[in-house]
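User: I have a model open and would like to go through its packing with you. Could you help me read it?

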Amino acid sequence: MPDLSRITLDPDICHGKPCVRHMRWPVEVVLDLVSAGMGPDEILADHPELEREDILACLHYARLVVSGEPLRRVA
């Protein structure tokens with residue numbers, strides 16, 4: 001299971017949107033890249049500050065949000 005601790009919420013970063021590891025990488029931007037057809041290898045090649053586990057965490061986070069399941073381990 002992807003590590004949701006990679007998804008952080010901080011009111012001082014990106015207006016409190018869920019982000020990757022306290023970086024200015026909102027989950028929604030990673031999802032936009034995936035929905036535009038980019039695969040993980042392409043995303044990582046273009047954005048080396050991200051890690052494969054970050055992409056998986058973003059996808060898992062989005063699935064939990066739309067499913068209504070409780071979010072755990074989000075700091």
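User: Let us begin at a single site. Which residues does Asp 54 touch, leaving out those up to four places away in sequence?
Analyst: This is a predicted model. In it, Asp 54 touches Arg 6, Val 20, Arg 21 and Glu 49, once residues up to four places away in sequence are left out.

User: Where is Asp 54 found, and is this residue buried or exposed?
Analyst: Asp 54 is found in helix H3. Its relative accessible area is 1%, and the cut-off for buried is under 20%, so Asp 54 counts as buried.

User: Arg 21 was on that list. What is its place, and what is its phi?
Analyst: The loop between E2 and H1 holds Arg 21. Its phi is positive, about 45°, although Arg 21 is not a glycine. With a relative accessible area of 29%, Arg 21 is partly exposed.

User: Where does His 15 lie, and how accessible is it?
Analyst: His 15 lies in the loop between E1 and E2. Its relative accessibility is 80%, so His 15 counts as exposed.

User: On to the helices. How do H1 and H3 cross?
Analyst: The axes of H1 (residues 27-35) and H3 (residues 52-67) come within 9 Å and cross at roughly 100°. That angle makes H1 roughly perpendicular to H3.

User: Which residues meet there?
Analyst: From H1, Val 27, Val 30, Leu 31 and Val 34 meet Ile 55, Cys 58, Leu 59, Tyr 61 and Ala 62 of H3. By class, this contact has 9 nonpolar residues, with no polar and no charged ones.

User: Which residues of H1 are buried, and where do they fall around the helix?
Analyst: Val 27, Val 30 and Leu 33 are the buried residues of H1. Viewed down the helix axis, they fall within an arc of 120°, so they line one face of H1. The spacing rule behind such a pattern is that an α-helix has 3.6 residues a turn, so residues three or four places apart point the same way.

User: What covers those buried residues of H1?
Analyst: The cover includes strand E1 (7-8), strand E2 (19-20), helix H2 (40-46) and H3.

User: Val 30 keeps coming up. What is it in contact with beyond its neighbours within four places in sequence?
Analyst: Val 30 is then in contact with Val 20, Trp 25, Leu 50, Ile 55 and Cys 58.

User: Which members of the largest nonpolar core touch the most other members?
Analyst: That core has 16 residues, and Ile 7, Val 20, Trp 25, Val 30, Ile 43, Leu 50 and Cys 58 touch the most other members. H1, H2 and H3 each supply at least two residues of the core, and H3 gives the most, with 5 residues.

Key: Residues are numbered from 1 along each chain as its sequence is written. This is a predicted model: local features need pLDDT of at least 70, side-chain atom pairs count only at pLDDT 80 or more; totals for chains, interfaces and linings use all residues. Side-chain values use heavy atoms; hydrogens and water are left out. Axes are lines fitted to C-alpha atoms, for helices over the stretch in contact, and angles run from 0 to 180 degrees between N-to-C directions. Helices (H or I, at least four residues) and strands (E, at least two) are DSSP runs, numbered from the N terminus. Angles under 35 degrees count as roughly parallel, over 145 as roughly antiparallel, 65 to 115 as roughly perpendicular and the rest as oblique. Contact means heavy atoms within 4.5 Å. Ala, Val, Leu, Ile, Met, Phe, Trp, Tyr, Cys and Pro count as nonpolar, Asp, Glu, Lys and Arg as charged, and the others, Gly among them, as polar. Buried means under 20% relative accessible area, exposed over 50%, partly exposed in between (1.4 Å probe, protein chains only). The arc is that of the directions from the helix axis to the C-beta atoms. A nonpolar core is a set of buried Ala, Val, Leu, Ile, Met, Phe, Trp, Tyr and Cys residues joined through side-chain atoms within 4.5 Å.
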